Amino acid sequence: MTAIQNMADAIRFLAIDAIRTAGEGHQGVPLGMAEIAATLYANHLKAAPKDPLWPDRDRVVLSNGHGSMLLYALLHLSGYDKMTLDALKSFRTLHSVCAGHPEIEQNAGIEITSGLLGQGIACAVGMAVAEERLAARFGRDLVDHRTWAFVGDGCLQEGMGQEAISLAGHLQLGRLTFLWDDNQITDDGDTALSISEDVPARFCAANWHVVSVDGHDIDAVDAAFIEAKSDPRPSLIACRTTIARGIPRLQGKRGGHSAPLTPQDADEARIARSWPHPAFHIPKDIYDDWHKAMDRGAQAQTEWSKTLATHPDQDEFNRWMTGALPANWADNLPGSRNDARATILSSGDACDILTEVLPELIVLCADLEAPTNHKRSRDSFNLTNRAGTYVHCGVREHLMGAMVSGIAAHGGLRPINVTYLAFADYERPAMRMAALMSLPAIYVFSHDSIGVGSNGPTHQPVETLASYRAMPNMRVFRPADAVETAEAWEVALETSDGPSMFALSRQDADQVRSDTSENLTRLGAYILAGKDGDRDLTLIATGTEVGLAVKARDILEPLGIRTTVVSMPCWDLFEDQPPAYQAQVLGDAPRIAIEAALKFGWERWLRPTDRFIGMTSFGASAKAPVLYDHFGINDNKIIVAAKELTGR
C-alpha cells in the first residue's frame with residue numbers, strides 16, 4: 001500500500017500549500033482524511049475524469065465542505081481538466097473553481113454545493129434515491145453506481161443528519177456510504193464538550209451496516225470499503241482519525257481545524273511525512289499512480305457508452321438525463337373550471353396528469369399525503385418498489401428539502417417537494433442551496449395564508465412569501481385559480497436554471513380565468529379584468545385574493561369607478577418584463593394591492609400614496625371567512641379604500 005500512502009500524502013501537501021498560499025482555509029479534513037480518500041479513489045471509485053458528466057459515474061459528496069481542499073486535491077490528482085495546479089493556487093480567490101466551500105461545477109467534478117453542515121449528507125440521500133429510481137426504469141446495464149459522502153461530526157450533530165440516517169436506513173439505500181471523519185475534535189475543542197452518545201449505535205438502530213476502522217490504516221480502510229459494497233444496507237465507515245495529521249504543532253488539537261498555517265508548519269510537516277518536494281510539486285510517479293487508478297473508470301465508461309449506443313431505451317434515457325421535455329407534454333394540463341377549487345387540489349390535478357407524460361417526475365412529501373393531494377395514481381418508492389415515484393419522507397422536512405437538491409443535482413429526475421408553507425422555514429437552507437446551485441426543483445406548498453383557518457397562527461405563514469421573494473433565483477408563484485396553477489406548472493417545468501416555489505391555498509379559490517389560449521402566468525402579472533388604458537383604479541392581487549379583487553370590481557364599476565384588476569402570480573417573472581409592459585399593466589391610476597400576507601416587499605409595486613390591504617401581524621385561530629373579515633381583507637375594506645383614493 002506504499003503507492004496509496006504516497007497518493008494520500010500528495011493530498012496532504014497540496015492542501016497545505018494551497019491553504020498557505022490563500023492565507024486561510026481548513027486543513028483538518030484533508031490532512032485527516034487523506035488515506036481514506038486516496039484508498040477510495042485508488043481501489044473503489046468509478047469515475048472518468050475526461051468525461052466528468054458521465055451519467056453512470058459514482059457521486060462523491062463532501063458534506064464537511066469546509067475541508068474543500070480535500071476534494072480539490074482529489075480532482076486535480078485524478079486528472080479533471082478544470083482542476084489544474086493553477087486552479088489550486090487560486091484557492092479562495094474571486095472566480096476560482098476552488099472556492100472556500102465547494103460550489104457545484106460538475107464538469108470540474110464538484111457534484112454539489114455543500115452548504116451548511118448537514119446539507120451534504122441529506123443531498124447524498126437524495127442522490128441515492130435517484131440512482132435506485134433510474135436503475136428501476138433503465139436497468140443496471142445503464143445505471144449502476146454508488147454515492148459516497150465524506151462526513152464530519154457537525155454533519156451528524158445537525159438535526160437533519162439524524163433525519164438522513166433514519167430515512168436512508170428505512171429505505172435501505174444500499175449504494176450509499178458515509179465516510180465519517182471521527183477525529184473527536186470540533187471547532188470548540190474535544191467533542192466531549194457537547195456530545196457523549198454512541199454515534200455508530202444511532203446508525204445501527206436505523207438498520208445501517210456499520211464498521212469502525214483506523215482511518216489511517218489503508219488496509220483496514222480498503223477492507224471496510226469492500227465490506228460496505230457487499231452489504232445490502234447503507235453503510236457507515238467510522239474512521240478514527242487524527243485531525244491535521246502531519247503538522248506536529250496542530251495534529252490532534254483544536255487548532256488543527258483551521259488555525260493559520262505558518263511557513264514553519266509546512267517545513268515541519270515535510271520533515272514529519274518524509275516529503276522532500278517543494279510547494280505544489282507532485283512527482284511524476286505519484287501522478288502516474290493516480291491516473292492509473294482512474295483507468296478503471298475510463299474503461300467502464302467506454303463499455304457503458306457501447307451499451308448505451310445499442311440500448312432500446314437510448315433516446316428516452318438521454319431525454320431524462322438532459323432534462324428535455326417531450327413534444328406537446330403540456331397539452332393535457334387542466335384548463336378552466338366552473339366551480340371554486342383549492343389551488344393545492346388544482347396542483348394535484350396537474351401533477352397527476354403529468355404522471356404518464358413525464359414519468360421522470362418524483363414527488364417527495366412529508367407525511368401529508370391526504371391534505372396535499374399529490375400522490376393519487378403514483379406508487380410509493382420503497383424497498384420493494386424502486387420504480388415508485390412518491391417518496392414518503394415522514395415528518396422530516398429538513399431532510400426532504402435537501403434530498404430534492406440531491407435528486408436534481410444527480411440528474412435524470414425532476415423532484416417535487418410537497419408540504420405546508422409553514423414548514424418552508426424548515427426547508428429554507430436547502431431551498432437556498434437549490435437556488436444558489438440553479439437546480440430545477442419544484443417546491444409545492446399548501447396552506448399558504450390565514451385561509452388555513454382554525455389551526456391558528458402557528459400554521460398561518462404571513463411573513464413567508466416576503467422572505468422567499470427576497471431570495472435570489474427563487475421564482476415564487478401564488479396562482480389565483482386552476483388555470484394559473486396549471487400555467488405555473490408549465491413555466492416551472494420549462495425552467496432549467498433554478499427552482500420554483502408554489503404557494504397554494506387550502507381553501508377554495510374562485511375561478512377567475514376562462515381563456516387558456518395563452519399562458520399569462522409566464523408574464524408574471526397581467527390585466528385580468530378592465531382596461532389597460534383609462535382607469536380610475538388598479539387592484540393588484542395574488543392567489544385567492546384575486547377572486548376578492550374581481551368581486552370588488554363588480555361593486556366599484558356600477559359606482560362609476562373604472563377599475564382594472566391585475567393578477568400577479570409571480571413577481572420575479574413580472575420584473576423580467578420590459579418597462580413598457582409593466583407600465584401598461586400597472587397604469588397611472590391609484591393602486592390597491594391585496595394579499596393575505598405582510599406588506600413587506602410590496603413597495604416594489606406600490607407608490608407612497610397607494611394602499612395595501614393585507615396582514616400587519618400574525619394570524620389567529622378561527623374559520624377562514626371569519627379571519628378575513630377580522631383582519632379587514634374583504635370587499636368592504638377595498639371599497640372604502642377605493643373611494644378614498646378616487647375621491648368618490
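Strand S1 supplies three residues to the lining of the second largest cavity, the largest share from any element; strands (E, at least two residues) and helices (H or I, at least four) are DSSP runs numbered from the N terminus. A cavity here is a set of points, on a 1 Å grid over the protein atoms alone, where a 1.4 Å probe fits but cannot get out, and lining residues have an atom within 4 Å of a point. The model is predicted: local features need pLDDT of at least 70 and side-chain atom pairs pLDDT 80 or more, whereas totals for chains, interfaces and linings use all residues. Residues are numbered from 1 along each chain as its sequence is written, and side-chain values use heavy atoms, with hydrogens and water left out.

The second largest cavity holds about 30 Å³ of space, a volume being the space filled by probe spheres set on grid points joined across faces, edges and corners. Its lining includes Val-60, Val-61 and Leu-62. By class, the lining divides into seven nonpolar, two polar and one charged residue, where Ala, Val, Leu, Ile, Met, Phe, Trp, Tyr, Cys and Pro count as nonpolar, Asp, Glu, Lys and Arg as charged, and the others, Gly among them, as polar. The largest cavity has a volume of about 80 Å³, and Val-60, Leu-71, Gly-109 and Glu-111 are among the residues that line it.

S1 spans residues 59–62; Arg-59 and Val-61 point one way and Val-60 and Leu-62 the other, and all are buried, that is, under 20% relative accessible area with a 1.4 Å probe, protein chains only. S1 runs parallel to strand S2 (residues 147–151), to which four bridges join it; strands pair if DSSP finds at least two bridges between them. Trp-148 of S2 is the bridge partner of Val-60.

The largest nonpolar core has 79 residues, and Phe-178 and Trp-208 are among those that touch the most other members. Helix H6 (residues 119–138) gives this core its largest share, twelve residues. Such a core is a set of buried Ala, Val, Leu, Ile, Met, Phe, Trp, Tyr and Cys residues joined through side-chain atoms within 4.5 Å. Beyond four places in sequence, Phe-178 touches residues including Ala-149, Val-151 and Trp-208, contact meaning heavy atoms within 4.5 Å.

Gly-297 lies in helix H12 (residues 284–309) and counts as buried because its relative accessibility is 2%. Leaving aside neighbours within four places in sequence, Gly-297 is in contact with Ala-47, Ala-48 and Trp-54.

Conventions: Buried means under 20% relative accessible area, exposed over 50%, partly exposed in between (1.4 Å probe, protein chains only). On a 1 Å grid over the protein atoms alone, a cavity is a set of points where a 1.4 Å probe fits but cannot get out, and a pocket is an open set with protein on both sides within 12 Å along at least five of seven lines; lining residues have an atom within 4 Å of a point.
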